[in-house]
Amino acid sequence: MTATSPLETLAPPERLLWTVLRRLETLGLEQYEQFVPALATPAKRSLVERLRNEVPTDEALTGQELEEPVRDLCAAALSDSALATLCVQGLTLERLGQAIYSRLLTSPGAGPLSRHLAELGGAAAGQTIALALSELQQRSSTENLLAGYCDATEPVLACFDALGEAGDRALGPHFGLRFIDVLTDVATELIGNCVQLGMNRRKLVCHLTAAFMGA
Amino acid sequence: MSVPEMHPASLDLEDRLPIRRLMGLAVFGEMLAARIYGLMAQLKPEHAPILRKFASMEGQHATWFREACRCNAIEPDKEFADHELDYLIAQVNDHFAAGDCEALAVVQGFIVESMAIAIYEPYLQVADRYPGTRDVFARALEEERYHVDWMTRYLRLRFFDAEDEFIRLCQRVNVQGIDCIGGTMMKIADYLDSIGLSGADCAGSMMDGYSELLERVGIPSKEATRNVVGLFMPLIRKYRHGETIK
Ligand SMILES: [Fe+2]
Ligand SMILES: [Fe+2]
């Protein structure tokens with residue numbers, strides 16, 4: 001390999017992490033394009049393009065313990081409506097991404113390229129979440145957002161445990177991250193957002209608790 | 001009051017394990033609650049009359065529950081309750097020895113009461129399976145809410161304009177307190193499921209109820225949520241993986 005190869009600036013665990021994130025970001029963008037074009041922002045498009053350049057193949061993920069949980073999560077996150085896309089991608093998986101990006105910024109295992117990508121990812125996620133919240137706010141007077149959120153996210157949240165277990169083993173030591181801490185960030189932000197959208201907080205907390213308990 | 005579908009005595013011992021353990025926790029937990037309010041009364045003479053009243057109410061709950069168990073031929077599982085409550089008793093003794101009434105107020109008035117409310121409230125929906133339990137749990141629930149309201153007012157006044165101090169108190173008390181009481185909640189989740197409640201809903205309600213109480217004393221909503229969720233998350237993970245919770 002030559003010193004100019006972009007991959008050389010990512011250590012193996014970083015390549016693995018960015019491959020996973022590229023898969024998730026690409027899926028998100030495709031879902032937005034299909035169901036909520038407003039959320040396919042220029043920042044999101046340029047992030048996905050950048051990740052496709054940095055980690056163009058699934059080589060780092062193939063055959064790894066994380067491969068199956070990532071595949072399951074991507075399958076569960078395939079939505080069939082704008083509302084489901086807003087709930088699954090716009091609120092939940094964007095928060096997951098944002099929580100990871102934000103922790104990467106101070107992670108000892110994240111090199112300069114990872115930190116740069118995390119900055120881009122965090123900024124794109126922030127914009128998309130704001131747009132998703134505004135779209136959902138408009139729907140709040142005509143749709144039952146809590147029921148929509150619970151139905152759409154149940155299969156996705158159910159995948160988090162296996163993802164976290166494999167992720168902790170494969171990436172935790174290198175990045176100094178624990179999935180339950182990431183999940184605490186996600187749940188905290190989600191609960192705040194959903195309450196802001198008028199959802200019943202107790203019912204939402206019970207939905208998240210049941211999903212995380214595997215009940 | 002409706003007639004139960006099956007006479008309790010016709011159920012075999014194995015089937016009764018969940019209700020025996022849940023009732024054990026209720027009876028002996030109430031007795032411990034009585035003791036904690038009694039200790040608080042010793043530390044705060046100015047509030048001793050009401051705290052002693054609370055202690056006697058909790059003692060009364062224990063007596064009611066024990067009697068209701070007797071009517072249903074349920075032997076409350078003392079060994080299980082002792083094991084669950086030992087860790088809480090150790091914390092309570094430490095707080096009392098340090099003269100720390102505020103820590104006792106958070107542990108008993110907020111964490112323990114949140115757990116009781118989160119279970120007694122949905123229990124009323126299945127209470128008729130155990131004749132004679134509906135009325136006593138409904139009355140206890142009402143009184144737990146009264147205790148929580150008083151404790152909230154007490155802590156609000158005590159930490160008026162001193163939210164940072166309250167946050168530090170909660171940080172100090174919550175780690176052990178939630179680990180212990182939230183841990184018990186996770187351990188009984190399957191028992192709750194088996195008597196027709198949802199263990200996950202009870203746990204979720206406890207988390208939400210406790211976060212709400214922290215907010216009412218002045219902790220910003222997001223911070224309260226993060227603190228409570230963050231402390232429950234490892235317990236939830238252990239539950240999910242069938243690991244020893246405590
Ligand atoms: Fe009580
Ligand atoms: Fe009480």
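By salt bridge I mean a side-chain nitrogen of Lys or Arg within 4 Å of a carboxyl oxygen of Asp or Glu. B:Asp208 sits in helix H8 (residues 199-217) of chain B and A:Arg202 in helix H9 (residues 201-213) of chain A, so this pair joins two chains. Helices here are DSSP runs of H or I with at least four residues, and strands are runs of E with at least two, numbered from the N terminus.

A quick word on the source. This is a predicted model, where local features need pLDDT of at least 70 and side-chain atom pairs count only at pLDDT 80 or more, while totals for chains, interfaces and linings use all residues. Residues are numbered from 1 along each chain as its sequence is written, chains are lettered from A and ligands numbered from 1 in the order in which they are written, and side-chain values use heavy atoms, with hydrogens and water left out.

Back to our pair: is B:Asp208 buried or exposed? B:Asp208 is buried, at 3% relative accessibility, and A:Arg202 is partly exposed at 26%. Buried means under 20% relative accessible area, exposed over 50%, and partly exposed in between, with a 1.4 Å probe and protein chains only. Both residues belong to a network of salt bridges that also links A:Arg201, B:Glu212 and B:Glu215.

Over all chains, the search finds 32 salt bridges. One of them pairs A:Arg169 with A:Glu65, at 2.4 Å from N to O. A:Arg169 lies in helix H7 (residues 160-175) and A:Glu65 in the loop between helices H2 (42-54) and H3 (67-76) of chain A, so the pair ties together parts 104 residues apart in sequence. A:Arg169 is exposed at 52%, and A:Glu65 is partly exposed at 42%.

B:Glu58 is in helix H2 (residues 48-71) and B:Glu144 in helix H5 (residues 133-158) of chain B, 86 residues apart. B:Glu58 is buried at 1%, and B:Glu144 is buried at 1% too. Thanks, everyone!
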